[in-house]
Every structure is written in structure tokens, then in C-alpha cells.
Amino acid sequence: MAYRDDESVESAMATVTMELPEEVFSTLRRSPEEFVREMRLAAAIHWYERGEISQEKAAQIAGLDRTDFLLALARERADAFVVDIEDLKRELDRG
């Protein structure tokens with residue numbers, strides 16, 4: 001991971017390097033850039049659906065704004081609004 005000294009903590013970006021066999025890209029019929037975009041979106045959706053990150057953070061991970069992230073959720077048929085059942089029960093009990 002690399003951080004640039006001239007950026008604030010909020011805008012600091014990390015670089016992650018992965019080694020994958022070349023045939024992955026031809027098998028999936030994706031360029032490395034397309035693969036990275038899809039992987040970022042898939043990870044963002046996964047963590048968002050599990051309630052580990054907010055919608056805003058998921059959009060950032062996916063490299064999208066919130067509107068485009070919501071549209072991506074719809075395209076992937078993923079839940080746009082994640083509800084924790086225990087939180088919902090507590091809210092209902094408060095009445």
C-alpha cells in the first residue's frame with residue numbers, strides 16, 4: 001500500500017496489487033481494467049449487504065457516486081436497503 005504525503009487522510013488512496021493468471025481475463029472475456037471495476041463493485045455489494053459498510057462507503061469502494069451505486073445494486077438485483085432484524089425489533093419495541 002502506498003500513501004502520498006501531500007493528501008489528507010480522507011482522500012488518501014491505497015494501491016493493492018494482485019497476481020492472477022493471465023487466462024483469468026480471457027476466460028472471463030474481460031480486460032484487467034474491467035476485471036478490477038467488477039471486483040470493486042462485487043466487494044462493495046458484498047460488504048454492504050452484510051452490513052459491514054455504509055452505502056456511501058460501498059459507493060466509494062466501487063468507485064461510484066451513491067446514485068450510480070444504487071443503480072448498480074438494482075442491476076445486480078441486490079438489496080438497496082439493508083435492515084438488521086435486531087435493530088428493526090428494537091425500533092418497533094420503542095414504538
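First, the ground rules. This is a predicted model, in which local features need pLDDT of at least 70 and side-chain atom pairs count only at pLDDT 80 or more, while totals for chains, interfaces and linings use all residues. Residues are numbered from 1 along each chain as its sequence is written, and side-chain values use heavy atoms, with hydrogens and water left out.

The chain has five helices and zero strands. Helices here are DSSP runs of H or I with at least four residues, strands are runs of E with at least two, and both are numbered from the N terminus. Of the 95 residues, 15% count as buried, where buried means under 20% relative accessible area with a 1.4 Å probe, protein chains only. Among contacts between residues at least 6 apart in sequence, 28% join residues at least 24 apart; a contact means heavy atoms within 4.5 Å.

Now α2. This helix covers residues 32-49, 18 residues in total, and spans 26 Å from its first C-alpha to its last, close to the 26 Å expected. The expected span is 1.5 Å times one less than the number of residues. After α2 comes Gly51, with a positive phi near 80°.

Which residues of α2 are buried? They are Phe35, Leu41, Ala44, Ile45 and Tyr48. The cover over the buried residues of α2 includes α1 (23-28), α3 (55-62) and α4 (66-75).

Let us look at α4. Its axis and that of α2 come within 11 Å and cross at roughly 85°. Axes are lines fitted to C-alpha atoms, for helices over the stretch in contact, and angles run from 0 to 180 degrees between N-to-C directions. The two helices, α2 and α4, are therefore roughly perpendicular, a label for angles of 65 to 115 degrees. On the α2 side, the contact is made by Leu41, Ala44, Ile45 and Tyr48; on the α4 side, by Phe69, Ala72 and Leu73.

Those residues are part of the largest nonpolar core, which has 11 residues, including Ala58 and Ala78. A nonpolar core is a set of buried Ala, Val, Leu, Ile, Met, Phe, Trp, Tyr and Cys residues joined through side-chain atoms within 4.5 Å. At least two residues of this core come from each of α2, α3 and α4, and α2 gives the most, with four.

Definitions and conventions. Buried means under 20% relative accessible area, exposed over 50%, partly exposed in between (1.4 Å probe, protein chains only). Angles under 35 degrees count as roughly parallel, over 145 as roughly antiparallel, 65 to 115 as roughly perpendicular and the rest as oblique.
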